[in-house]
Amino acid sequence: MRRMAVLMVAGLLVATACSGEADVTTERADPVSTPVSTPVSTPVSTPVSTAADEILDVPATTSAPGSTSAEVPTISDGRGTQSTDTGLADRLFPGLGAPAVDVVSYLVKLDVDVAAGSFDAVVDVVADVDTAVRQMALDAAGFTVDSVQIDGDDAPFEQPGDELIIELPADSDRRVTATITYSAAPDEAFSAVGLPAGWFQTDGGSYVLNEPDGARRWLPSNDHPSDKATWRFEITVPDGITVSANGDLVQDGQLGEPWIWQMSQEMPTYLVHLVIGPYDVVDGGSLTSVDGDNINLTHVVPAGEQAKFQRFIDETPKQFDFFEERFGPYPLDDYGLAFVDSTPGLAMETQGRSLFSQLDFQVSGFGDDETQINFLQQLLLAHELAHQWFGNAVSPATWSDIWLNESFATYAQFLWLDEIGLVDLDSEMSELLLARQTGDVATGMPTLKSMFGFESYDGGSVVVHALRLKVGDEAFFELLAEWIGSNTGTSQTSAAFISLAQDLTGADLGEFFDAWLYAARLPAEFPQG
């Protein structure tokens with residue numbers, strides 16, 4: 001989930017869905033009525049080439065020189081004859097990522113001035129860089145780099161636009177370590193989708209919100225969902241301040257020592273979790289997955305207030321079991337809930353520890369029962385947990401594939417709400433299908449304005465429900481479990497999902513996906529099977 005005020009009850013979403021935007025385009029993908037041949041078993045955790053109908057002809061943005069480090073070697077013409085491209089030609093974000101770069105790991109060292117909202121940083125980026133190019137390109141926006149080293153030696157670099165271009169030594173191996181030193185005081189920023197993205201200051205700390213392109217605003221990175229890497233965070237803050245990041249807590253920071261968190265499972269930049277402030281880290285024990293794995297639970301709550309949030313923590317095992325029965329074993333090593341000082345309505349499926357606004361989980365004084373969990377809270381908790389399967393374990397290869405995240409997580413949330421009696425699934429889907437009789441955007445071909453809107457979320461859940469009715473319950477849930485089980489740790493395309501669906505069912509589903517995924521206005525009735 002990557003939305004704020006739009007998190008409303010389903011009825012309100014349906015009511016607003018029909019009001020179109022005048023400048024929204026009506027493009028759609030080419031029909032897929034012929035079988036899709038993309039092999040689902042092929043990982044695409046390295047940057048991918050998008051389908052021909054999605055590629056924009058965008059020139060590289062390396063011509064305008066930026067700041068360079070002092071007293072570094074002269075730029076070499078060795079290692080290859082090609083300059084690097086600085087964008088993957090993603091249809092929605094063509095400038096993000098770099099086709100020659102596959103990041104292996106990030107080591108993020110920050111010394112944070114909490115009061116000022118600034119930090120000094122040293123970031124190690126270990127990456128495999130195509131030996132045909134002589135440069136390494138990373139996304140970097142809004143801060144000035146002081147120095148760069150490649151494998152321990154000073155390297156020349158420039159910062160044209162929102163890029164960091166590093167010249168590589170002529171004799172460097174395919175795998176290099178770029179050590180980047182810089183300082184930053186990130187301001188709140190808005191992505192092209194119209195939602196905030198980047199580093200956000202709070203009264204007593206900060207948090208990051210990276211989807212879809214916010215990581216580059218505070219971290220030099222290959223900021224695209226197709227590139228997954230492992231992560232280590234070493235964050236120094238004043239005593240009495242807590243740091244939460246993805247993965248396992250290696251060191252509890254105190255007396256000037258950094259907080260250290262290690263994420264050993266690969267993840268893309270948009271799923272980074274980094275929260276700083278007056279919080280308690282709560283050891284929630286572990287859950288046993290259906291495959292026998294122990295899933296460690298680590299939660300973050302406002303300091304001294306665990307009791308106020310315990311009922312939400314206690315709901316996690318119930319939702320966990322429910323989703324495992326339908327989607328297969330939990331695909332990650334850990335999970336947790338983080339209730340932070342952020343804007344109400346904000347929720348984000350940061351990998352292994354979902355981010356929520358603490359204000360959405362407090363008693364409002366308008367009749368809320370301190371022992372109950374209301375509709376919105378159940379929705380948020382279920383949606384972000386479901387994302388650990390859909391979006392985190394298997395991430396989108398391009399931002400046009402966002403429905404593989406949001407439509408499935410939204411459908412999962414409705415499955416849970418139906419299970420606990422807060423909605424009737426069939427009635428909900430019928431109402432949402434009615435709302436999809438008008439509109440200008442297909443779920444499978446989002447625009448910048450729609451990718452975090454109705455067609456991806458509630459309107460997209462209609463597509464998932466239609467697929468379930470088309471192939472039947474047994475094949476549908478087998479498909480979802482196989483999708484996650486076969487592809488965990490990779491980023492995948494819509495074409496790969498369609499290919500797997502056809503392989504498992506033995507049916508030609510091209511016409512179905514043309515009518516439901518790639519059409520702006522959907523059929524008036526659900527399939528009968």
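## Ground rules

Residues are numbered from 1 along each chain as its sequence is written, and side-chain values use heavy atoms, with hydrogens and water left out. In this predicted model, local features need pLDDT of at least 70 and side-chain atom pairs count only at pLDDT 80 or more, while totals for chains, interfaces and linings use all residues.

## H2 against H4

Let's start with helix H2 (residues 306-327) and helix H4 (residues 403-419), which pack at an angle of about 115° with their axes 11 Å apart. Helices here are DSSP runs (H or I, at least four residues), numbered from the N terminus. Axes are lines fitted to C-alpha atoms over the stretch in contact, and angles run from 0 to 180 degrees between N-to-C directions. That angle makes H2 roughly perpendicular to H4 (65 to 115 degrees).

In contact terms (heavy atoms within 4.5 Å), H2 brings residues including Phe322, Phe323 and Phe327 to meet Ala412, Leu415, Trp416 and Glu419 in H4.

## H3 against H4

H4 also has helix H3 (residues 375-387) as a partner: their axes come within 8 Å and cross at roughly 130°.

## H6, a covered helix

Helix H6 (residues 458-471) reaches 21 Å from its first C-alpha to its last. Of its 14 residues, 11 are buried (under 20% relative accessible area, 1.4 Å probe, protein chains only), among them Val462, Val463 and Val464. After H6 comes glycine 472, with a positive phi near 90°.

Conventions
Helix = DSSP H or I, 4+ residues; strand = E, 2+ residues; numbered from the N terminus. Parallel < 35°, antiparallel > 145°, perpendicular 65-115°, else oblique. Expected span 1.5 Å × (residues − 1). Buried < 20%, exposed > 50% of the residue type's maximum accessible area, 1.4 Å probe, protein only.
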